[in-house]
Amino acid sequence: GLIGSQGYVSSIAGANVMGMVELDMIAYNPAGAYNDYARIYGDSASSAWKSALASAIATYTSLTVSVMGEMDASDHASFEAAGYDSALLIEYNASSNPYYHRPTDSVDTAGYIDVLYATQMTTGVVALMADEAGTYAPEPTTTALMVSALVALGARVHGRRRVNVTVLRFPGS
């Protein structure tokens, strides 16, 4: 648990990290089970970052977001432990996902991946990143179309559903 994220955080020590968003388990959305809900976790020190993410999701998607408390069992926790603002965006039904950490946790499992739901989740994060970069995200429909193409491509190329996004601020930016 968390060895990779701890190693990554150690490798960027001293970098000006604006924040980290982990998209983990963002595509399992069984029919009839809270289809329009998402959850955000992070410690209290990351409250502003979690609120900004929730606001971007509310503005650019049709998802209902619940901002939750701490959860130290995912990669964002390594960033929080190092003092970086961090948030975990995760599907509402994560705890009931029958495929998680099993061989069937794959884009090849029929009916498993809800691409539209994953697109909504990713759209909110892309809007947050655009806002944090000081640019404006395109209107919501265009953003959703762009993100849906990226999600589909990512699923084909990587065959996985976890993405860690770290925003680094470079000198002069």
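Among contacts in the protein chain (heavy atoms within 4.5 Å) between residues at least 6 apart in sequence, 85% join residues at least 24 apart. The structure is a predicted model, in which local features need pLDDT of at least 70 and side-chain atom pairs count only at pLDDT 80 or more, while totals for chains, interfaces and linings use all residues. Residues are numbered from 1 along each chain as its sequence is written, and side-chain values use heavy atoms, with hydrogens and water left out.

The protein chain holds five helices and five strands, taken as DSSP runs numbered from the N terminus, with helices being H or I runs of at least four residues and strands being E runs of at least two. Read from the N terminus, the order of the elements is α-β-β-α-β-α-β-α-α-β. Of the 173 residues of the protein chain, 41% count as buried; here buried means under 20% relative accessible area, exposed over 50%, and partly exposed in between, with a 1.4 Å probe and protein chains only.

Strand β1 (residues 16-24) runs parallel to β4 and is joined to it by five bridges, with Leu89 of β4 as the bridge partner of Leu23. Strand β2 (residues 37-41) runs antiparallel to β4, and four bridges join the two; here Glu91 of β4 is the bridge partner of Ala38.

Strand β2 also pairs with strand β3 (residues 64-67), in the parallel sense and over four bridges. In that pairing, Val67 of β3 is the bridge partner of Ile40.

Ser86, in strand β4, counts as buried because its relative accessibility is 0%. Leaving aside residues up to four places away in sequence, Ser86 touches Met20, Tyr41, Gly42, Ser46, Trp49, Lys50, His76, Phe79 and Glu80. Met18 belongs to strand β1 and is buried, with a relative accessible area of 17%. The C-alpha atoms of Met18 and Tyr84 are separated by 7.5 Å, although these residues are 66 residues apart along the chain.

The loop between β1 and β2 includes Met25 and Asp36. Met25 has a phi near 55 degrees, a positive value in a residue other than glycine, and counts as buried at 3% relative accessibility. Asp36, by contrast, is partly exposed, with a relative accessible area of 41%. Beyond residues up to four places away in sequence, Asp36 touches Ser62, Leu63 and Thr64. Asp36 and Val65 are 29 residues apart in sequence, and their C-alpha atoms are 8.5 Å apart. Another positive phi in a residue other than glycine, near 60 degrees, is found at His101. His101 sits in the loop between β4 and α4 and is exposed, with a relative accessible area of 62%.

Attention now turns to helix α4. Its 18 residues (115-132) should span 26 Å at 1.5 Å a residue, and the end C-alpha atoms are 25 Å apart, which agrees; the expected span is 1.5 Å times one less than the number of residues. Just after α4, Gly134 takes a positive phi of about 85 degrees. Buried residues in α4 include Tyr117, Met121, Val125, Leu128 and Met129.

Helix α2 (residues 47-60) packs against α4 at an angle of about 115 degrees, with the axes 8 Å apart; axes are lines fitted to C-alpha atoms, for helices over the stretch in contact, and angles run from 0 to 180 degrees between N-to-C directions. The contact is made by Trp49, Ala52, Leu53, Ala56, Ile57 and Tyr60 of α2, together with Thr123, Gly124, Val125, Ala127, Leu128, Met129 and Glu132 of α4.

Terms used. Two strands pair if DSSP finds at least two bridges between them.
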